[in-house]
Amino acid sequence: MLIAQLSDPHVTTGLLAAEPASGLHRALGRVLAVRPRPDCVVITGDLVAHGRPDEYAALREIIGRFPLPVHLAAGNHDDRESLLDTFGGTPCLGGGFSAYYHVDHAEATVVVLDSLTPGSSGGQLGDDQLAWLDGVLGGRPEVPAVVCLHHPPVGVGIPAADEIRLADGAALAAVVGRHPHVVRVTAGHLHRSVTTAFAGTVLTTAPSTWVQSTLTMSADEEIGLVGEPSAFLLHRVADGGCVTHTVQVSHAAGSTCAF
Ligand SMILES: [Fe+2]
């Protein structure tokens with residue numbers, strides 16, 4: 001099974017709408033050109049820039065005609081109510097009206113978590129959601145699971161980002177560590193690609209389809225945005241494991257598809 005993970009499109013409206021919209025559209029076109037064709041797309045948060053209803057309408061316009069299943073996660077730039085108003089009851093939120101949900105694909109359980117904490121750039125899952133996750137993972141132990149969320153649950157050595165990581169990452173690790181069939185935990189938020197061990201599995205983060213963050217590893221230097229290539233992660237779940245490829249988009253000569 002192939003899962004294409006896109007992240008941080010930051011879709012907006014108005015004068016600045018074109019660049020993030022075309023970044024997401026181009027990444028989705030690149031997904032369609034992958035063979036075999038991916039089974040689904042997960043977008044790990046910061047779906048829109050300001051959480052406004054008109055921005056979610058713009059997002060719906062971009063992904064509405066996309067021919068593969070798209071699963072959406074909330075990030076700190078999102079607004080939960082607007083997200084649910086626009087996509088609740090549709091396959092984009094697993095058919096339900098919650099921003100955390102799971103989708104039981106034949107070859108993998110895709111679990112989407114909601115780490116959005118209103119008023120904060122940081123994230124938190126909370127005890128209720130973690131208990132729910134424990135139950136979901138325990139319910140289908142024979143099938144590999146991929147856990148997706150916006151905020152990385154560990155520090156990555158970028159101080160400005162580490163300050164606003166997932167607050168209850170240790171509690172997430174305790175749950176994931178109880179379920180060895182979790183073949184991947186994957187996040188966004190960093191606008192960079194990072195890989196590390198986590199709770200007996202592997203943690204990855206996906207770059208942004210819009211713009212990347214500088215690799216600012218000292219606290220006395222200001223973090224910024226940089227025009228490094230946009231990309232997405234392609235997770236191949238097979239043979240009881242998960243292999244991840246980074247697929248360049250903006251600077252790539254690879255073929256793309258219109259939709
Ligand atoms: Fe972001």
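Q: In which sense do β2 and β3 pair, and over how many bridges?

A: Strands of a sheet pair through backbone hydrogen bonds, either parallel or antiparallel. In this predicted model, local features need pLDDT of at least 70, side-chain atom pairs count only at pLDDT 80 or more, and totals for chains, interfaces and linings use all residues. Residues are numbered from 1 along each chain as its sequence is written. Here β2 and β3 pair in the parallel sense over 4 bridges, where pairing requires that DSSP finds at least two bridges between two strands, and strands (E, at least two residues) and helices (H or I, at least four) are DSSP runs numbered from the N terminus. Thr 44 stands opposite Ala 73 in β3.

Q: Which way do the residues of β3 point, and are they buried or exposed?

A: In a regular strand the side chains alternate between the two faces of the sheet. From β3, Val 70 and Leu 72 point one way, His 71 and Ala 73 the other, and all are buried, a residue being buried if 20 or more other C-beta atoms lie within 10 Å of its own, with C-beta atoms placed from the backbone.

Q: Why do the buried residues of α2 line one face of the helix?

A: An α-helix has 3.6 residues a turn, so residues three or four places apart point the same way. In α2 (residues 53-63), Glu 55, Tyr 56, Leu 59 and Ile 63 are buried; seen down the helix axis, they fall within an arc of 100°, and so they line one face, the arc being that of the directions from the axis to the C-beta atoms.

Note on methods: Buried ≥ 20, exposed ≤ 12 C-beta atoms within 10 Å, placed from the backbone.
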